[in-house]
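Please open the model in your viewer and keep the sequence panel beside it. The tour moves from confidence to helix packing and then to the ligand.

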Amino acid sequence: MSLKIFGTALACLLVAACSGKSGGGETAVVAGNATHGKELYAQCQACHKLTENFVGPHHCGLIGRAAGSVPDFEYSEAMKASGITWTPKTLDEFLTSPIAYVSGTKMGFAGFDAASDRADVIAWLVQVNADPAACPKS
Ligand code: HEC
């Protein structure tokens, strides 16, 4: 199942064809540079770890996960009620402006203005989620 989800996520990343929450036509996800994305991810690491919850929920397993669904993390009501599934498309919209996409989120990060930065960090998240060394399947 996780393999299939990864395949779908990768296809979305490459062809920008997956459907998301808002369906706006202008936020096509372009294929990102995971190496640059890893550098950008340092900003996320102020609050996120891959395998453990920290200020924010852990990021292993993120791709294909329902928003607000890590059982032992205390999410905002807004995130739990958002109905989002995390794909490259929804991540692109969220990371444009977290507070605009999920009104009431407690994620204190302003977002990336540059679509290329969003694509790069998403490419890194997809890659790291597929790497058993970084994200072991428990
Ligand atoms: C200042 C701390 C902080 C920073 C920096 C931050 N986050 Fe978050 N993040 C959070 C918190 C807190 C939540 C939980 C939000 C809620 O419940 O409303 C969250 C939630 C998320 C979620 C939803 C996860 C889920 O399980 O539903 C994603 C995706 C996410 N963050 C990605 C990122 C990425 C990618 C970056 C870097 C570009 C980042 N965050 C930077 C604190 C942060």
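The stops below say what to select and what is found there.

Begin by colouring the chain by confidence, since this is a predicted model in which local features need pLDDT of at least 70 and side-chain atom pairs count only at pLDDT 80 or more, while totals for chains, interfaces and linings use all residues. Residues are numbered from 1 along each chain as its sequence is written. The mean pLDDT (the predictor's confidence in each residue, from 0 to 100) is 86, and 78% of the residues reach 70 or more. Select residues 1–5, where the pLDDT is below 50 and the stretch has three contacts beyond near neighbours in sequence, a contact meaning that two C-beta atoms, placed from the backbone, lie within 7 Å. Residues 7–27 also have pLDDT below 50, with 36 such contacts in the model. Where pLDDT is low, the predicted coordinates should not be read in detail.

Next select α2 (34–44) and α6 (115–129), helices being DSSP runs of H or I with at least four residues, numbered from the N terminus. Their axes, which are lines fitted to C-alpha atoms over the stretch in contact, with angles from 0 to 180 degrees between N-to-C directions, come within 7 Å and cross at roughly 95°. The two helices are therefore roughly perpendicular (65 to 115 degrees) to each other. On the α2 side, the contact residues are A34, H36, G37, K38, L40 and Y41, which meet D117, D120, V121, A123, W124 and Q127 in α6.

Finally, select the ligand and the 26 residues around it, of which C44, C47, G56, Y75 and S76 come nearest; a residue is near if its C-beta atom, placed from the backbone, lies within 6 Å. The elements giving two or more residues to this shell are α2, α3 (77–80) and α4.

Note on methods: Angles under 35 degrees count as roughly parallel, over 145 as roughly antiparallel, 65 to 115 as roughly perpendicular and the rest as oblique.
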